[in-house]
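Here are my notes on this one, as numbered points. Have the coordinates open while you read.

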Amino acid sequence: MELQYKPDFGRAKDVWTHFWEGEIIHRPPVLGSVTKQGSTAIDPSQDRYLNAVAGNTGRQLETINRWLENTLFLGEQIPSFSPDHGPDQMAACLGSKLVFNPDSKNHTNWAKPVVDNWQDFLPLELKESNQ
């Protein structure tokens, strides 16, 4: 089996299958990725939260595609991308406002607290509008 960005996927899959079965073929799995010669290094994670909040799904997918095109996946490294929802993003899903630092190169973000005084906030109520 061959994948566009991992032509030796069948071999890598075999190594991983044996690894998870407690076996080693020649050596343990080795993971590595490098930017292709003449290409620009892309960080597919840099704007992922900002793009998500702004509804720029297409922009995020373009960034991931550029990263895939510009990267060699060596050894048993298999291309993957995870959206990773951390505590700030979870809080935003529950109604908190996600705030971004405009001066941060990496778009540092945090969840704006929604509770100033727990006595005034109780009882908790789920709102389907997510606001």
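1. Among contacts in the chain between residues at least 6 apart in sequence, what share join residues at least 24 apart? The figure is 55%, with contact meaning heavy atoms within 4.5 Å.

2. Ground rules before going further. This is a predicted model, so local features need pLDDT of at least 70 and side-chain atom pairs count only at pLDDT 80 or more, while totals for chains, interfaces and linings use all residues. Residues are numbered from 1 along each chain as its sequence is written, and side-chain values use heavy atoms, with hydrogens and water left out.

3. Overall layout. The chain has five helices and four strands, in the order α-β-α-α-β-α-β-β-α along the sequence; these are DSSP runs numbered from the N terminus (helices H or I, at least four residues; strands E, at least two). Its radius of gyration is 21 Å, well over the 14 Å from the globule rule for 131 residues, so the chain is more spread out than a compact globule. That radius is taken over C-alpha atoms, and the rule is 2.2 Å times the number of residues to the power 0.38. The C-alpha trace spans about 65 × 40 × 25 Å along its principal axes. Of the 131 residues, 21% count as buried (buried is under 20% relative accessible area, exposed over 50%, partly exposed in between; 1.4 Å probe, protein chains only).

4. Helix α1 deserves a look. Residues 9-20 make up its twelve residues, and it reaches 16 Å from first C-alpha to last, close to the 16 Å expected at 1.5 Å a residue (the expected span is 1.5 Å times one less than the number of residues). Phe 9, Ala 12, Val 15 and Trp 16 are its buried residues. Seen down the axis of α1, they fall within an arc of 125°, so they line one face of the helix; the arc is that of the directions from the helix axis to the C-beta atoms. Their packing partners are β1 (31-35) and β2 (71-75).

5. Now the salt bridges (a side-chain nitrogen of Lys or Arg within 4 Å of a carboxyl oxygen of Asp or Glu). The whole structure has four. Asp 8 pairs with Lys 6 at 3.1 Å, N to O, and with Arg 11 at 2.9 Å, N to O. Lys 6 is buried, with 0% relative accessible area, whereas Asp 8 is partly exposed at 29%. Arg 11 is partly exposed too, at 36%. Glu 76 also bridges to Arg 11, with the closest N and O atoms 2.6 Å apart. That pair links distant parts of the chain, 65 residues apart: Glu 76 in the loop between β2 and α4 (87-93), Arg 11 in α1. Glu 76 counts as buried at 1% relative accessibility. Through shared partners, Lys 6, Asp 8, Arg 11, Arg 27 and Glu 76 form one network.

6. Backbone items to check. Most residues other than glycine have a negative phi, and most peptide bonds are trans. His 26, in the loop between α1 and β1, has a positive phi of about 65°; it is exposed, with a relative accessible area of 81%. The peptide bond from Leu 122 to Pro 123 is cis, with omega near 0°, and Pro 123 lies in the segment after α5 (118-121).
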